[in-house]
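The sequence and the structure come first.

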Amino acid sequence: GILMQIRALDWDTDGPFKDYPAILVYHPSDNNANTFASLGFTGFIGSITGISQSRLSISEIGVYWSDSTWGKESRFGYPFIFVLRDILMFDDDVLEA
């Protein structure tokens, strides 16, 4: 069989993003990077969903009601939209991701 991925972007439909959808295909000049497609919005440089040439795909899921197991929230760190983009660009399988 084959694995299929379905993505439901359940964001607020009253916001401005719905008016500027974009399918972005990146062809990095770095020979160690993967070509990948990312579905997002005009001007958005991170990834919330996409697939790479190595057939690795990602999808973001938001957590609005996190509990104590998530630990303390912080504004420091590497934003998840860039972590997901880096997975598409630089990783070739789930173990690398």
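Ile 23 has a relative accessibility of 64%, so it counts as exposed, being over the 50% cut-off. The model is a predicted one. Ile 23 belongs to strand 1, residues 21-26. Together with Val 25 and Leu 39, Ile 23 forms a nonpolar patch on the surface, and the accessible area of this patch is about 300 Å².

**The chain as a whole**

The chain has four strands and one helix. Read from the N terminus, the order of these elements is β-β-β-β-α. The C-alpha trace spans about 40 × 35 × 35 Å along its principal axes. Of the 97 residues in the chain, 26% are buried. The chain exposes about 7900 Å², and 59% of this area comes from carbon and sulfur atoms. Among contacts between residues at least 6 apart in sequence, 47% join residues at least 24 apart.

**How the strands pair**

Strand 1 pairs with strand 2, strand 2 with strand 3, and strand 3 with strand 4, as the table lists.

| Strand 2 and strand 3 | antiparallel | three | Ser 38 and Gly 50 |

Strand 2 covers residues 36-41. Five of its six residues are buried, so strand 2 is largely enclosed by the rest of the structure. In a regular strand, side chains alternate between the two faces of the sheet.

Where does Ser 52 lie? Ser 52 is in strand 3, which covers residues 49-52. The bridge partner of Ser 52 is Phe 36. Is Ser 52 buried or exposed? Ser 52 counts as buried because its relative accessibility is 6%, and buried means under 20%. Leaving aside residues up to four places away in sequence, Ser 52 touches Asn 34, Thr 35, Phe 36 and Leu 88.

The phi of Arg 55 is near 70°, a positive value in a residue other than glycine. With a relative accessible area of 72%, Arg 55 is exposed.

The loop between strand 1 and strand 2 holds His 27. His 27 is exposed as well, at a relative accessible area of 62%. How many residues separate His 27 and Met 89 in sequence? The two are 62 residues apart in sequence, and their C-alpha atoms are 9.3 Å apart in space.

Nonpolar side chains in soluble globular proteins tend to be buried together. In this chain, the largest nonpolar core has eight residues: Ala 33, Phe 36, Leu 56, Ile 58, Leu 84, Ile 87, Leu 88 and Met 89. Helix 1, residues 80-90, gives the most to this core, with four residues.

Phe 36, the bridge partner of Ser 52, is one of the core residues. Leu 56 is another member of the core. Not counting residues up to four places away in sequence, Leu 56 touches Gly 50, Ile 51, Ile 87, Leu 88, Asp 91, Asp 93, Val 94 and Ala 97.

Which residues of helix 1 are buried? They are Ile 81, Leu 84, Arg 85, Ile 87, Leu 88 and Met 89. An α-helix has 3.6 residues a turn, so residues three or four places apart point the same way. The buried residues of helix 1 pack against strand 2, strand 3 and strand 4.

**A charged pair**

Side chains of opposite charge can pair when their charged atoms come close. The count for this model is one salt bridge. Lys 18 and Asp 19 form a salt bridge, with 3.3 Å between the closest N and O atoms. Lys 18 is partly exposed, because its relative accessible area is 48%, which falls between the limits of 20% and 50%.

How values were computed: Residues numbered from 1 in each chain as written. Predicted model: local features only at pLDDT ≥ 70, side-chain atom pairs only at ≥ 80, totals over all residues. Heavy atoms only, no water. Helix = DSSP H or I, 4+ residues; strand = E, 2+ residues; numbered from the N terminus. Buried < 20%, exposed > 50% of the residue type's maximum accessible area, 1.4 Å probe, protein only. Contact = heavy atoms within 4.5 Å. Patch = residues over 30% accessible without salt bridge, like charges linked within 9 Å, V, L, I, M, F, W, Y side chains within 5 Å. Areas by Shrake-Rupley, 256 points an atom, 1.4 Å probe, with all protein chains shown as cover. Salt bridge = Lys/Arg side-chain N within 4 Å of Asp/Glu carboxyl O. Pairing = 2+ DSSP bridges. Core = buried A, V, L, I, M, F, W, Y, C linked by side-chain atoms within 4.5 Å.
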